[in-house]
Amino acid sequence: MTVLGTDRVKRGMAEMQKGGVIMDVVNAEQAKIAEQAGAVAVMALERVPSDIRAAGGVARMADPTIVEEVMQAVTIPVMAKARIGHIVEARVLEAMGVDYIDESEVLTPADEIFHLNKKDYTVPFVCGCRDLGEAARRIGEGTSMLRTKGEPGTGNIVEAVRHMREVNAQVRKLIHMSVDEIMTFAKELGAPYEVLLAIKENGRLPVVNFAAGGVATPADAALMMELGADGVFVGSGIFKSDHPEKFAKAIVEATTHFDNYELIANVSKGLGTAMKGLEISTIAPENRMQDRGW
Amino acid sequence: MVKVGVLGLQGAVREHINAIERCGAEGIIIKKVEQLAGIDGLILPGGESTTMRRLINHYHFLEPLKRFGGQGKPIFGTCAGLILLAKEIAGQDDAHLELMDIKVERNAFGRQRESFEANLAIKHVAPDFEAVFIRAPYILEIGSTVEVLATFNNAVVAAKQGALLCTSFHPELTNDDRLIAYFVEMVGDAKKALAT
């Protein structure tokens, strides 16, 4: 007898991505460059986050043609984004055979109150989080993988650093807490008690947590690994740089060998200009993607 | 104590290390070629085989890994690791380490949504093993000296050839250590045999 879509199968898929880089791509050609450079997966999009930010308006699931084109171009797993709470976009991506769905704040939310009940799906999900409360709520809904929200499309690492540190600090606090304190901690965080209890018992999050939202250089990717990320998503950073191929390879190497600083120095040489960054304080609060979802 | 390395370029490395240590051996993450000299056996973990191959090339691991296997030191490949071990890969001109006399089909059961768990009987190891298959490959053809250890719907999903062991599925994702314990025992036996 076989069982599809179990927790082990869905979470295990993300475990296989550990130590790797997942790259945003908008067509088959970029997907091939990413695969050649050693990406562990690609995220098929219509526009990268910095272009979504520049274009404004409502950002939706990518045209299925693009997703299909990318799926045919590479043998590594293909992820795609659905709007927060958009049941049908998620079902459509699942029906197309996408390997992982990102319920993403980069797109305009379809539902401002409810996230998807991700336990209902055979396909696994990745969701963004800024703290342990948000991480635990998403786990409660059935996400199989987490990532920091950061501030997508800015090329500014500061928010991803904040979110990674916050989640990890709260996990450490939880692990050292006495069990009778957990219910109150759950109330403060707005987190499901059972999820917190399991994290305390196992001494770690039950799913992997990648860094995302603002990674622009090899050193940024290595920094996030140093802070405890299991791997890295790079959105606009690669294909908005001067030499995407070289840049993609450099990010992969810096992620694998995040504590080998000579190597990071070497791979960072002559990469040309990284994407132009955005100072977070210049983004109006209503344009901050990290505040979408809760 | 027997020392078992896990190739640590990418993938589910920590799970294997934990399992190795639960089986009473020392687990070492291998990130540099020089480290191969200090271990008695090696696990090629699950992950993305395409990515691992790029990193293997980049850090000049290919020949040293082939030599490691050539010396008769045991290697266990799980999922992507099985693909790395194979002599032949369906639909591709080139294979990777080409150590094991098997022909494999990548993503043979389908994409992620077709990934599954199933109960398997594994020869020498367990009559009832919970196997987790994730975008898994299977073995299409085997050479005359390869022993089939498990099949699923007539496809070969676990095999052994001398000191080489491979599975399509991920023993490291379960708490069932019987398969890793079997490999650790192979490593112990090979260490004694190579010493004499």
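User: Which residues of α6(A) are buried?
Analyst: Buried means under 20% relative accessible area, with exposed over 50% and partly exposed in between (1.4 Å probe, protein chains only). Helices are DSSP runs (H or I, at least four residues) and strands likewise (E, at least two), numbered from the N terminus. This is a predicted model, in which local features need pLDDT of at least 70 and side-chain atom pairs count only at pLDDT 80 or more, and residues are numbered from 1 along each chain. Helix α6 of chain A, residues 132–141, is mostly covered, and its buried residues are L132(A), G133(A), E134(A), A135(A), A136(A), R137(A), R138(A), I139(A) and E141(A).

User: What covers the buried residues of α6(A)?
Analyst: Side-chain values use heavy atoms, without hydrogens and water. Contact means heavy atoms within 4.5 Å. The cover includes strands β6 (125–129) and β7 (145–148) of chain A, together with helices α1 (7–15), α7 (158–175), α8 (182–189) and α9 (193–202).

User: Which residue follows α6(A) with a positive phi?
Analyst: The phi of this residue is near 110°. The residue that follows α6(A) is G142(A).

User: Why is chain A as compact as a globular protein of that length?
Analyst: Chain A has 13 helices and nine strands. The globule rule (2.2 Å times the number of residues to the power 0.38) is compared with a radius of gyration taken over C-alpha atoms. For 294 residues the rule gives 19 Å, so chain A is as compact as such a globular protein, its radius of gyration being close to that at 18 Å.

Notes. Chains lettered and ligands numbered in written order.
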